[in-house]
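Please read these notes with the sequence and the model side by side.

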Amino acid sequence: MENKTKDSKKDIKSIFNIYTNLGEITHLQPRLVALLACGENLMPASWHMPTSKSPFRYAVAVREENYTHTLLEKNGSFTLNFLPFNYYEIVDKLGRIHGDKEDKLTLSGLEVEEKDTHNNVLLSASDFIYACEVCDRYKNGDHTIFIADVVKIYVNETQSNQPMLFSGRGRYMTISKVLRAPKPQ
Ligand SMILES: Cc1cc2nc3c(=O)[nH]c(=O)nc-3n(C[C@H](O)[C@H](O)[C@H](O)COP(=O)(O)O)c2cc1C
């Protein structure tokens, strides 16, 4: 009996491959994608999250080499445009070029609905948009985390219900099911 327990523990361990960095890994870890607009420059972003409900605050992690990093340091504001899944090819293209070398807005062909009070674009194709003002930053590793007050939330009257998710290595996906968990009695 004792031996059996030992063996089954060993089996469980052996199903995992172990890595020490992200370089080689191909596991699925889908993240919601947004186009971060600073002025007219568009940067696809999937490393972002809410950090406070009231006041509503949001964090984005931006790599120091990206032109967006320079723009955020200078302007202190941005919009996060959440586009539906069917824009994934444009988004992927924008993630391979840099705004200090190319006019990414023109290249994207995306329509601008209007601009926020800081001149950051609001893209018409978005399901919803967060207009953000940077209130804090934190550097640890190769990305800077910009924490921002979400000062306005724009919700499109027409929602796609097809959010764009990114799982690294050129893999995009969306959701096929929404399930509501039963309320505890
Ligand atoms: C789907 C997707 C998500 C990305 N997420 C991030 C991110 O969260 N943070 C980041 O710094 N770069 C991210 N990148 C990479 C940047 O979008 C890419 O380096 C871009 O060219 C930077 O543009 P910029 O130099 O004009 O700022 C992502 C790229 C893709 C395609």
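1. Helices (H or I, at least four residues) and strands (E, at least two) are DSSP runs, numbered from the N terminus. Two strands pair if DSSP finds at least two bridges between them. With these terms, β2 and β3 form a hairpin with two residues between them. In the turn, G39 has a positive phi of about 65°.

2. This is a predicted model, in which local features need pLDDT of at least 70, side-chain atom pairs count only at pLDDT 80 or more, and totals for chains, interfaces and linings use all residues. Residues are numbered from 1 along each chain as its sequence is written.

3. Is β3 buried or exposed? A residue is buried if 20 or more other C-beta atoms lie within 10 Å of its own, exposed if 12 or fewer, and partly exposed in between, with C-beta atoms placed from the backbone. Five of the five residues of β3 are buried, so the strand is largely enclosed by the rest of the structure. Both of its faces are covered: N41, M43 and A45 lie on one side, L42 and P44 on the other, and all are buried.

4. The ligand has 21 residues around it, of which W47, T68, G95, H98 and G99 come nearest. The elements giving two or more residues to this shell are β3 (41-45), β5 (57-63), α2 (67-75) and α3 (88-94). A residue is near a molecule or strand if its C-beta atom, placed from the backbone, lies within 6 Å of it. The largest share of the shell, four residues, comes from β3.

5. By type, the shell around the ligand divides into 11 nonpolar, eight polar and two charged residues. Here Ala, Val, Leu, Ile, Met, Phe, Trp, Tyr, Cys and Pro count as nonpolar, Asp, Glu, Lys and Arg as charged, and the others, Gly among them, as polar.

6. Three strands form an open sheet in the order β1-β11-β12, with antiparallel pairing. At the edges stand β1 (31-32) and β12 (172-173), each with a single partner strand, so one side of each has no neighbour in the sheet. Two bridges connect β11 (residues 165-166) to β12, and L165 stands opposite M173 in β12.

7. The segment after β12 contains I175. This residue is exposed, with 11 other C-beta atoms within 10 Å. I175 and F85 are 90 residues apart in sequence and 9.4 Å apart in space, C-alpha to C-alpha.
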